[in-house]
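Have the viewer open as you read, and take the points in order.

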Amino acid sequence: MRAMSLAGAAPRRKQSPVITASEPTGPDRGERPAALLAWYDRHRRILPWRPPAGVPADPYAVWLSEIMLQQTTVRAVGPYFEKFMARWPSVKALGAASLDDVLRMWAGLGYYSRARNLHACAVAVTRNHGGAFPDTEQGLRALPGVGPYTAAAIAAIAFGRQTMPVDGNIERVVSRLHAVEEELPKAKPRIQELAATLLGPERAGDSAQALMDLGATICTPKKPACALCPFNDGCVARLRGDAETFPRKAPKKTGALRRGAAFVVTRGDQLLLRSRAAKGLLGGMTEVPNSDWLADQDDAVARAQAPALKGVTRWQRKAGVVTHVFTHFPLELVVYTTQAPAGTRAPAGMRWAEVATLADEALPNLMRKVIAHALD
Ligand code: SF4
């Protein structure tokens, strides 16, 4: 994951020698920006959105990759990035696409509000900026779906602005380098300040990408390869021997389990689908009919929300449940199936779709799991 979830649970803290962040952290402190860039020049990752060394980055590719990488791994993003670039090679092309097409192409990547914002942003850049991204952090932040991190990343990587975007990888490197004891998210301003000291007078985008790469490949959540790190001489956490315990994190609050029912109706080779409301969780995505998702959901109440279909009286309850974890709550769905007679009309707001073409539908992973469970 690009975000903080990379770090996983913090291991038990070891007894550490008394070395604190307030002490000088090595004779090379002022040389760190140059050391970081020298490391990057030798070890930079080859990524689909990253041009060869010395070639200016395409702002569209930088923006697209940064949106896709939010909460998502580099490995998962790669194929989606390639697909989007092949179909919509410019922000103008993406801005001219329909939201439905974008959602369909995004299906499976998760966090679907990103896809809606992606489309809204492409439209805004096309209409309000003539198809050219603003080249300042402030201008970028005014765009839909572009928060402080993404604005700084685009400003640095695409436009060479002197700013340091701080993602989960960078948080880890910097919090270890200085043994930042304060817990995240409170520690963010301090980490941001310390990260900015790793910027040299030029190549801001490379400095940011170097830190990202260092966090992803060397300063990993478990077993960091400190011997290969350009900062190993002065890294406080390494000297104390407790690098794996950083960054410190406030305990995560997870929401209560919600429960509900999903209804998979087949009619020959077709399946009953509908679209979710445009706003809210999984907004605009495709789904099979389903009940409310509530913490205290009663099975009978959920079951009673099955779609009314002429000629359908019997539903089979599939053994087991489908589970899914959203950012704020885990979900459990009981799945009911039935076969509708030929000619059964879809209820208002629903439609029949060929099972063979489901891959082209904007079905989120949760619904793909439900359908797979039902048709198993
Ligand atoms: S020395 Fe080790 S812990 Fe410190 S920044 Fe480098 S890889 Fe991370």
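Which residues are the closest to the ligand, and how many surround it? Please keep in mind throughout that this is a predicted model.

1. **Around the ligand.** The ligand is surrounded by 14 residues, and the closest are Cys219, Cys226, Cys229, Cys235 and Ala243. The most comes from α9, which supplies three residues. By class, the shell holds 11 nonpolar residues, one polar and two charged.

2. **The chain as a whole.** If you zoom out, you will find 14 helices and seven strands in the protein chain. Its C-alpha trace spans about 80 × 55 × 30 Å along the principal axes. Of the 376 residues, 37% are buried. Contacts also reach along the sequence: among those between residues at least 6 apart, 72% join residues at least 24 apart.

3. Where the two meet, 10 residues of domain 1 are in contact with 10 residues of domain 2. On the domain 1 side, α5 (99–106) and α6 (113–129) each supply at least two residues. The largest share of that side, four residues, belongs to α5. Sorted by class, the side of domain 1 that touches domain 2 has four nonpolar, three polar and three charged residues.

4. **The largest nonpolar core.** This core has 94 residues, and the members that touch the most others are Ile154, Leu211, Val264, Val288, Val335 and Val370. Helix α8 (residues 148–159) provides its largest share, nine residues. Both domain 1 (4–245) and domain 2 (258–375) give residues to the core, so it lies between them. As background, nonpolar side chains in soluble globular proteins tend to be buried together.

5. **A closer look at Val335.** Which residues does Val335 touch, leaving aside those up to four places away in sequence? They are Ala262, Val264, Lys318, Val322, Val370, His373 and Ala374. Val264 and Val370 are, like Val335, among the core members that touch the most others.

6. **An annotated span.** An unreviewed UniProt entry carries the annotation "domain: HhH-GPD" for residues 68–217. In the model, this span is 65% helix and 0% strand, and its end C-alpha atoms lie 20 Å apart.

7. **Two cis peptide bonds.** One joins Leu184 to Pro185, with omega near 5°. Pro185 sits in the loop between α9 and α10 (188–196). Another cis peptide bond links Phe246 and Pro247, where omega is about 0°. Pro247 is part of the loop between α12 and β1 (258–267).

8. **Two positive phi values.** Ala179 is not a glycine, yet its phi is positive, near 45°. You can find Ala179 in the loop between α9 and α10. Arg203, also not a glycine, has a positive phi of about 60°. Its place is the loop between α10 and α11 (204–217).

9. **Buried or partly exposed?** Arg203 has 19 other C-beta atoms within 10 Å, so it is partly exposed.

Note on methods: Residues are numbered from 1 along each chain as its sequence is written. This is a predicted model: local features need pLDDT of at least 70, side-chain atom pairs count only at pLDDT 80 or more; totals for chains, interfaces and linings use all residues. A residue is near a molecule or strand if its C-beta atom, placed from the backbone, lies within 6 Å of it. Ala, Val, Leu, Ile, Met, Phe, Trp, Tyr, Cys and Pro count as nonpolar, Asp, Glu, Lys and Arg as charged, and the others, Gly among them, as polar. A nonpolar core is a set of buried Ala, Val, Leu, Ile, Met, Phe, Trp, Tyr and Cys residues joined through C-beta atoms within 7 Å. A residue is buried if 20 or more other C-beta atoms lie within 10 Å of its own, exposed if 12 or fewer, and partly exposed in between; C-beta atoms are placed from the backbone. Domain bounds come from an automatic or database domain assignment. Two residues are in contact if their C-beta atoms, placed from the backbone, lie within 7 Å. UniProt positions are given in the numbering used here, feature names are shortened, and annotations may be inferred rather than shown by experiment.
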